[in-house]
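This report looks at the open spaces in a protein model, at the surroundings of its ligand, and at a few individual residues. Please keep the sequence and the structure in view while reading.

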Amino acid sequence: HEPKPVLEVSDLCVAYGKVEALHKVSLRIREGEIVTVIGPNGAGKTTLLSALMGLLPYRGEVAYVGHNLDAHVEVEERVGQGLTLVPEKRELFAEMSVEDNLLLGAFHRYRSGLRDHAQTMEEVFALFPRLKERRTQAAGTLSGGERQMLAMGRALMAKPKLLMLDEPSLGLAPLIIKEIFRIVAELKQTGVSILLVEQNARAALQVADYGYVLETGEVSLEGPSHELADDPRVIETYLGLG
Ligand code: ATP
């Protein structure tokens with residue numbers, strides 16, 4: 001049988017003042033799927049994730065595991081329902097240890113009376129052994145790749161149903177990028193659904209099941225990742241020779 005949709009977005013529009021950054025964007029993510037949104041700088045990828053997280057006002061419909069999330073549903077409520085975002089800028093607490101940054105990710109569950117953070121942290125450490133080695137180190141002293149791992153680990157501490165990753169490869173060296181995408185693929189095995197926004201189209205299409213191309217705020221192409229990766233328009237504009 002077909003996996004159930006986790007997120008269904010229909011005709012999403014977002015404007016900054018009078019300037020429309022997203023125009024009638026529709027997309028769908030099913031249970032356990034990795035869906036990627038690729039597109040150039042300024043296409044609206046970050047805007048899309050911010051809107052879905054409840055950080056920006058929007059018009060259009062967002063159906064998330066059956067609930068209708070209209071624009072006024074607060075960020076916290078979304079986190080409580082299993083939506084998490086790993087922001088492009090990582091947004092870690094530099095002075096705090098790796099462990100304390102991770103614990104912050106479990107805050108919402110803790111406040112709801114759930115006390116499984118120690119167990120969840122062990123699961124995160126199993127995915128990211130490097131974070132375990134550095135558990136007492138201040139986040140601000142980590143390398144770029146380790147910071148990305150910590151940002152992902154912190155999001156996982158919330159035990160999300162839908163994990164949204166904003167350009168996880170940004171600013172990282174090729175070997176680290178490989179490692180990050182290997183972990184994204186591994187995460188899929190845990191059953192979490194993933195919405196992956198990337199400028200690195202090649203790596204994103206390799207790991208994803210389905211993809212959307214976003215250009216100047218609109219979806220210009222979509223399809224199974226392997227089909228997109230073979231599409232001459234995608235090859236010419238996003239895969240090039242690189
Ligand atoms: P990048 O990969 O460079 O982050 P992106 O695809 O994530 O690009 P967005 O950051 O979502 O693109 O930006 C989409 C458009 O909205 C751009 O034209 C951008 O200049 C504009 N924009 C983004 N944030 C704001 C803001 N706070 N106020 C006004 N315009 C904004």
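## The largest pocket

The largest pocket is lined by 26 residues, of which V75, V79, L85, P87 and R154 lie nearest its centre. A pocket here is an open set of points, on a 1 Å grid over the protein atoms alone, where a 1.4 Å probe fits and where protein lies on both sides within 12 Å along at least five of seven lines, while lining residues are those with an atom within 4 Å of a point. The model is predicted, and local features need pLDDT of at least 70 while side-chain atom pairs count only at pLDDT 80 or more, although totals for chains, interfaces and linings use all residues. Residues are numbered from 1 along each chain as its sequence is written, and side-chain values use heavy atoms, with hydrogens and water left out.

The elements that give two or more residues to this lining are α1 (45-53), α2 (75-80), β6 (83-86), α3 (98-105), α4 (107-111) and α7 (144-156), and β6 contributes the most, with four residues. Helices (H or I, at least four residues) and strands (E, at least two) are DSSP runs, numbered from the N terminus. About 780 Å³ of space lies in the largest pocket, where a volume is the space filled by probe spheres set on grid points that are joined across faces, edges and corners. Sorted by class, the lining of the largest pocket has 14 nonpolar, five polar and seven charged residues; Ala, Val, Leu, Ile, Met, Phe, Trp, Tyr, Cys and Pro count as nonpolar, Asp, Glu, Lys and Arg as charged, and the others, Gly among them, as polar.

## The second largest pocket

The second largest pocket holds about 220 Å³ of space, and the residues that line it include T120, E123, L156, K159 and V192. Helix α5 (residues 117-127) supplies the largest share of this lining, four residues. By class, the lining of the second largest pocket divides into six nonpolar, two polar and two charged residues.

## Around the ligand

Which residues are the closest to the ligand? Of the 13 residues that surround the ligand, the closest are N41, G42, K45, T46 and T47, where near means that a heavy atom of the residue lies within 4 Å of the molecule. The largest share of this shell, three residues, comes from α1, and the shell has four nonpolar, six polar and three charged residues.

A polar side-chain atom of N41 lies 2.4 Å from an oxygen atom of the ligand, and a polar backbone atom of T46 is 2.7 Å from an oxygen atom of the ligand. For Q199, an N or O atom in the side chain is 3.3 Å from a ligand oxygen atom. Taken alone the ligand exposes 620 Å², and the protein buries 56% of that, with accessible areas taken from the Shrake-Rupley method and a 1.4 Å probe.

Most residues other than glycine have a negative phi. K159, in the loop between α7 and β7 (162-166), has a positive phi of about 50° although it is not a glycine. Likewise, E167, in the loop between β7 and α8 (174-188), has a positive phi near 45°.

K159 is partly exposed because its relative accessible area is 35%, whereas E167 is buried, with a value of 4%; buried means under 20%, exposed over 50%, and partly exposed in between (1.4 Å probe, protein chains only). L56, in the loop between α1 and β4 (59-64), is buried because its relative accessible area is 18%.

How values were computed:
A polar contact is a pair of N or O atoms within 3.5 Å; within protein, one must be able to donate a hydrogen and the other to accept it, and residues adjacent in sequence count only if both atoms are side-chain atoms.
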